[in-house]
Amino acid sequence: MVNNEAVRLIHVFDTTLRDGEQSPGCSMNLTEKIEVARRLERLRVDVLEAGFPASSPGDLESVKAIAALIKDCSVAGLCRALEKDIDAAREALAKAAAPRVHIFLATSPIHMEYKLKMSREQVLERAIMAVQYAKKFCSQVEFSAEDAFRSDPDFVCEVFAAVIGAGATVVNAPDTVGYAIPDEFAAFIRYIKAHTPNMEKARLSVHCHNDLGLACANSLAAISAGADQVECTINGIGERAGNASLEEIVMALQVRKDHFQVETRIDSTQLYTVSRMVSQVTGVKVQPHKAIVGDNAFAHEAGVHQHGVLANRATYEIMTPESVGIPQNRMVLGKHSGRHAFEERLRDLGLSLSEALVEPLFAQFKALADKKKVVSDRDIEALVIELSASVPETWKLDRWVINCGSTLSSTSTIRLKAQDGSVQEQAAVGNGPIDAACKAINRIIGKEPILESYELGAITGGEDAQGETLVKILWKDRHWNGRGVSTDVVESSIKAYLAAMNALEWELSQKPPPAGLTPITGTGGKESKRPLPPAER
Ligand code: KIV
Ligand code: ZN
């Protein structure tokens, strides 16, 4: 039984757009980041870390745009303990309703000696300086002792006491390298709480990485030990093995409130759509057996389980699919479905599109329904992504012909339409149909990127499933992603390559994002994250 008086409020600090986005293969473009931020606001996270403003002009711009837009939660910008980084955060967060400057500086012996080349005294002094500097213009200042778990706990307490004295409102103890074991991490957090003299003046936060698969367990152990903020990402994306997964932490706290005696402000019914969206815009799939949001999380395969669930869902379900926002409407949509049913399904899927986009989307749905007997939820999501293209299509696929076989080289002829309506056609020979198509596209656009990765999958099962292709290209040391969907796998491949080329073209032309376009998700073309600046010296 929960004793309500004892229930603590845990703040949820989401870092999908910073720690999540900085991991390989998880990059998002500006429009996609804005849409993810909107979704996180609707999910009711307490803090949304929008990026690392000093790391690149692109990050500065995206934090600026998100700060100006998001009003119902705090927007944080990450900084090293350097005046120039804090100045960049100041600029980026100028329009935020509740800005938070998040400063990090490592405290572990290995980081101080090899990365920072600083002594304990220098780290302490720098941390105080940075917090005081940020505090001049921002009331919410968070200080993270990077690699806290591998640091001397007494030194972490000393640094925390000093930065709280300098005005930090939150102190964060990350397990940066995912080394902790839950009971050890809980003991560490208890120690920090007990031995930081002015701890009651600040919130204690944790930030766990998943290198040993323990990020979520460590975060929960820390909450039990007294941490009052948890840092996490949607789908657990993040550096290396990722961060603690927001949906797993939130649902563990919700389902086992009797045990934890805490609550969050999160609206758990938004979890599924945010998860799907992050997966689609990053092109990083959620594993089917992923807790809470995986395809199989609520699937009951064994006969005995099915029998139990039919008799009483609670026999094998500890939470309902509805509680995490998994749509339960299994009505089949096909070519006879009307606009009303279609719009209702969009709402069920959390894909609330603007009126202007519903009409063309419905037309595309009808065209697809002509090719496929049954249009699944996944097909609809794919159409939405494609329509709400986050990157303007400098080039549109107009026509294509490919010849391939077992003994002769493959040949392709591709015709692309430019934005002014003119068309250009080129033919090429390649090592297979995709290579031939990419070469023809390169000839038209006049660039020869390297096709770094190519992944072909099916959106649903069945003979008439749509093919989904994800590609990554490399050009002049920079990476771009692209995604294409079609009932024809060759066409989905061509579209994916073209989406990546369009992302490249758009980025190079430095055009602002398309005005007024607020897609549910992006279409796939996005530049990957630039490397972060060198560690602080
Ligand atoms: O993992 C880490 O230590 C971080 C800090 C910047 C909070 O991401
Ligand atoms: Zn991290």
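A residue is called buried here when its relative accessible area is under 20%, exposed when that area is over 50%, and partly exposed in between, using a 1.4 Å probe and protein chains only. Helices (H or I, at least four residues) and strands (E, at least two) are DSSP runs, numbered from the N terminus.

This is a predicted model, in which local features need pLDDT of at least 70, side-chain atom pairs count only at pLDDT 80 or more, and totals for chains, interfaces and linings use all residues. Residues are numbered from 1 along each chain as its sequence is written, chains are lettered from A and ligands numbered from 1 in the order in which they are written, and side-chain values use heavy atoms, with hydrogens and water left out.

**Helix α2**

Let's start with α2, which covers residues 30-43. Of its 14 residues, 12 are buried, so α2 is largely enclosed by the rest of the structure. Among the buried ones are L30, I34, V36 and L43. At the start of the helix, a side-chain oxygen of N29 comes to within 3.2 Å of the backbone nitrogen of T31. Just after α2, R44 adopts a positive phi of about 75 degrees.

**Around ligand 1**

Now to ligand 1, whose surroundings are R18, D19, H102, F104, S144, E146, N172, P174, T176, H207 and H209; a residue is near a molecule if one of its heavy atoms lies within 4 Å of it. This shell divides into 2 nonpolar, 6 polar and 3 charged residues. Ala, Val, Leu, Ile, Met, Phe, Trp, Tyr, Cys and Pro count as nonpolar, Asp, Glu, Lys and Arg as charged, and the others, Gly among them, as polar.

Some polar contacts (pairs of N or O atoms within 3.5 Å) are listed here:

| Residue (polar side-chain atom) | Distance to an oxygen atom of ligand 1 |
|---|---|
| D19 | 3.0 Å |
| H207 | 3.1 Å |
| H209 | 3.0 Å |

Taken alone, ligand 1 exposes 260 Å², and the protein buries 94% of that; accessible areas come from the Shrake-Rupley method with a 1.4 Å probe.

D19 lies in helix α1 and H209 in the loop between β8 (203-208) and α9 (215-224), so the pair ties together parts 190 residues apart in sequence. Both D19 and H209 are buried.

Methods. A polar contact is a pair of N or O atoms within 3.5 Å; within protein, one must be able to donate a hydrogen and the other to accept it, and residues adjacent in sequence count only if both atoms are side-chain atoms. The expected span of a helix is 1.5 Å times one less than its number of residues.
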